[in-house]
Amino acid sequence: MQQLREKIDSFTILLTHKNRAEEGKIALNEVRGQLKDYKPLSIDLDSLRAKIDRFHKIDAVFVKNSQNQDLYSKIRKNSRIIDMDLKSAVNNYKRLLKEVKICPICQNKLTDEHLKEIKL
Ligand SMILES: [Zn+2]
C-alpha cells in the first residue's frame, strides 16, 4: 500500500513536470510567433553617433579641466614660494645695504631716505 502511494506520488510529480514542460513549449511558440512579426525600431545612427561624440567631447573637457585645476594649484603654490623667496631676498639685500651703509645708486652714505628710494 505504501509502495503504491509512493508510485502515485512520483507519477503525479512527473505529470506536473510534463504539464509545465508543455506550458513552457506553448509559451515559447507564442513568443516565436510574436518575434516573427517583430521589426526592430529604426535607430537614427547619425544622431546616436553625434550624441556619443558630444559625450566624448564633454568628457575630454572635464578631464582637461581637472588637469588644469591641478596645474593651477601647483602654479599658485609655486608662486607663493617664489613670492616668499623674493621677499626674503629683498629683506636680506636691505639688511646688507644697512650694514655696508653705502647707497647702491648714488654711492653716498646710505640713509633711510635713500633706502626708501630704492624700489625693490
Ligand atoms: Zn642714494
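**Exposure, helices and extent of the chain**

Ile 102 is partly exposed, because 13 other C-beta atoms lie within 10 Å; in this classification a residue is buried if 20 or more other C-beta atoms lie within 10 Å of its own, exposed if 12 or fewer, and partly exposed in between, with C-beta atoms placed from the backbone. The structure is a predicted model, in which local features need a pLDDT of at least 70 and side-chain atom pairs count only at pLDDT 80 or more, whereas totals for chains, interfaces and linings use all residues. Residues are numbered from 1 along each chain as its sequence is written. The pLDDT, which is the predictor's confidence in each residue on a scale from 0 to 100, averages 84 over the chain, and 95% of the residues score at least 70.

The secondary structure of the chain consists of three helices and zero strands, where helices (H or I, at least four residues) and strands (E, at least two) are DSSP runs numbered from the N terminus. The order along the sequence is accordingly α-α-α. The chain is more spread out than a compact globule, because its radius of gyration is 44 Å, well over the 14 Å that the globule rule gives for 120 residues; the radius is taken over C-alpha atoms, and the rule is 2.2 Å times the number of residues to the power 0.38. Along its principal axes, the C-alpha trace spans about 130 × 50 × 15 Å, and buried residues account for 1% of the 120 residues. Confidence within the chain is lowest in helix H1 (residues 2-37), with a mean of 79, and highest in H2, with a mean of 89.

Helix H2 covers residues 45-100. Its 56 residues should span 82 Å at 1.5 Å a residue, and the end C-alpha atoms are 80 Å apart, which agrees; the expected span is 1.5 Å times one less than the number of residues in the helix. H2 is hardly covered, since the count of buried residues among its 56 residues is zero. Two residues of the helix illustrate this setting. Gln 69, which is placed in H2, counts as exposed because it has 10 C-beta neighbours inside 10 Å, and its C-alpha atom is separated by 23 Å from that of Met 84, 15 residues apart along the chain. Lys 77, also found in H2, counts as exposed with 10 C-beta neighbours inside 10 Å. The C-alpha atoms of Lys 77 and Pro 104, which are 27 residues apart along the chain, are separated by 33 Å.

Just after H2, Lys 101 takes a positive phi of about 65°, although Lys 101 is not a glycine. Lys 101 lies in the loop between H2 and H3 and is exposed, with 11 other C-beta atoms within 10 Å. A positive phi, near 65°, is likewise found at Gln 107, a residue other than glycine. Gln 107 lies in the loop between H2 and H3 and counts as exposed, because it has 8 C-beta neighbours inside 10 Å.

When neighbours within four places in sequence are left aside, Ile 102 is in contact with Gln 107, Lys 109 and Leu 110, two residues being in contact if their C-beta atoms, placed from the backbone, lie within 7 Å. The C-alpha atoms of Ile 102 and Lys 116, 14 residues apart along the chain, are separated by 14 Å.
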